[in-house]
Amino acid sequence: MTDSTGSRMPLVAALEILIRLRTDQIVVTTMGSAREWPKLSQNPLDFHYVPSSMGQAPPLGLGLALTKPEREVLVLNGDGGMLMNLGCLVTIVASGARNITVIVLENGIYEVTGGQQTAALAARRHAEVDFSGFARAAGFAVAERFDRLQDWQAQAAEILRRPGPRFVALSVEPVGAEYHLEAPGPMAERLPKFAQALAQIE
Amino acid sequence: MDIPAEQVRQTLVELGITHVVWLPDSALGLWEQALDRPGTLELVRVCREGEAWAIAAGLHLGGLRPLVMIQNTGLFESGDAMRNVLFDLRLPLSAIVGYRSFLIPNSTDSARRFTEPVLDAWGLDYVIVREPGELPLMAAHLLACREAGRPGVALVAEGRM
């Protein structure tokens, strides 16, 4: 998870790079990203998937991508959620959707439950778990991993321009005491607005 | 019970289904060729049943009309994803679920034993399709549930393990 200097990028800074590059994409956030993204940006095409079924953000994003093949979908997933549903990487490739980017924010812990280690972090005693390697093996056209913020900043725009499906693992710092996750408003209010924004896409 | 695949396809087309999101069993799997034929239906293959509910949710939010097609064992596996999209997101999704061992007299298959109690516990409205002639019953049920804005499930009776 860390580079040779032991550094990881701050979660908010990693997200800010995406926010600066975001144009008209549909964005699905969950877990830690659903806590931070709404503080940084608000857009009718943001869907903060809280409450969620952990691990299901990428499939939900795939469903959206299949409905709007001319529009890009960004899914911000946690590493714990990704581990729960690695098969969805194969599902995404099998679907033929090219307009989806899965970004895994990799901090090695179940942050919203208080910071317990994921199995992937525990596995590092034996071997490095490479999320982008999973995606590459599943057939993603783009599968990258960044440990350093400056590298992510330098390459993010070019990665998002490449033909998909795309996968990016970002090694991020845990947020510490601010882990608690609350839904940014009632789903019964947010979901119809999101569906309405989707309906306006030509 | 072997329901002719073309009859299933035609029923789904008439229901306006755009995508079948599926992980089949040996009975539902017989419909693969018909459902995968180019045309108005798209077949989306998943690796684990929970994905099917989430993909269907995305398709529904985007304005399409998906249907989840899985076995009852997959229904059990996918409980949390189903809970989320049907109750947190309140999406009135439709599903066809293979009812394993229903046609085997005195079956001790636990998948059979728990299927209806589980659906009852979730409060899901379901019908059982016992023979091919009951496909119209399934269609009417799924349509009525959709029009009422609630999820609908059709259990398709199977004899195989």
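Analyst: Let me start with a definition: two strands are taken to pair if DSSP finds at least two bridges between them. This is a predicted model, and in chain B the strands β1 (residues 19-23) and β3 (residues 66-71) pair in the parallel sense over five bridges.

User: Which residue of β3(B) stands opposite B:V21?

Analyst: B:V21 has B:V68 opposite it in β3(B).

User: And what does B:V68 touch, leaving aside residues up to four places away in sequence?

Analyst: B:V68 touches B:V21, B:A52, B:W53, B:A56, B:L93 and B:A95 once those sequence neighbours are left out. B:V68 also belongs to the largest nonpolar core, which has 101 residues, and it is listed there with A:L170, B:A52 and B:V85 as touching the most other members. Helix α3 (residues 49-61) of chain B gives the most to this core, with eight residues.

User: Back to the sheet in chain B, what's the strand order?

Analyst: Six strands form an open sheet in the order β2-β1-β3-β4-β6-β5, with parallel pairing. The edge positions are taken by β2 (42-45) and β5 (125-129) of chain B, each of which has a single partner strand, so one side of each is left without a neighbour in the sheet. On average, neighbouring strands are turned by 20° against each other, direction ignored.

User: Where does α3(B) lie relative to those strands?

Analyst: α3(B) lies across β1, β2 and β3 of chain B, and it runs at about 170° to β3(B).

User: OK, switching to chain A. What's the order in its six-stranded sheet?

Analyst: The order in chain A is β2-β1-β3-β4-β8-β7, in an open sheet with parallel pairing. Here β2 and β7 (142-146) stand at the edges with a single partner strand each, so one side of each has no neighbour in the sheet. The twist from one strand to the next averages 15°. At the β7(A) end, β7(A) pairs with strand β8 (residues 166-171) of chain A in the parallel sense over five bridges, and A:E144 has A:V168 in β8(A) as its bridge partner.

User: Which strands does α3(A) touch on that sheet, and at what angle to β3(A)?

Analyst: α3(A) packs on the sheet by touching β1, β3 and β4 of chain A, and its direction makes about 175° with that of β3(A). Helix α8 (residues 149-161) of chain A packs on the sheet as well, touching β4, β7 and β8 of chain A, with its direction at about 165° to that of β7(A).

User: Now the interface. How many residues of each chain are in contact?

Analyst: On the chain A side there are 26 residues in contact with 23 residues of chain B. The elements of chain A that give two or more residues to its side are α3 (57-67), α5 (87-95) and α9 (187-199), and α3(A) gives the most, with eight residues. That side of chain A divides into 15 nonpolar residues, 10 polar and one charged.

User: How do α3(A) and α3(B) pack, then?

Analyst: Their axes are 7 Å apart and the helices pack at an angle of about 40°, in a right-handed crossing. Among the residues making the contact are A:L60, A:L64 and A:T67 of α3(A) together with B:E51, B:I55 and B:L59 of α3(B). In kind, the residues of the contact divide into 11 nonpolar, four polar and one charged.

Technical notes
Residues are numbered from 1 along each chain as its sequence is written. Chains are lettered from A and ligands numbered from 1 in the order in which they are written. This is a predicted model: local features need pLDDT of at least 70, side-chain atom pairs count only at pLDDT 80 or more; totals for chains, interfaces and linings use all residues. Two residues are in contact if their C-beta atoms, placed from the backbone, lie within 7 Å. Helices (H or I, at least four residues) and strands (E, at least two) are DSSP runs, numbered from the N terminus. Ala, Val, Leu, Ile, Met, Phe, Trp, Tyr, Cys and Pro count as nonpolar, Asp, Glu, Lys and Arg as charged, and the others, Gly among them, as polar. A nonpolar core is a set of buried Ala, Val, Leu, Ile, Met, Phe, Trp, Tyr and Cys residues joined through C-beta atoms within 7 Å. A residue is buried if 20 or more other C-beta atoms lie within 10 Å of its own, exposed if 12 or fewer, and partly exposed in between; C-beta atoms are placed from the backbone. Axes are lines fitted to C-alpha atoms, for helices over the stretch in contact, and angles run from 0 to 180 degrees between N-to-C directions. A crossing is left-handed if the near helix is turned anticlockwise from the far one by less than a right angle, and right-handed if clockwise.
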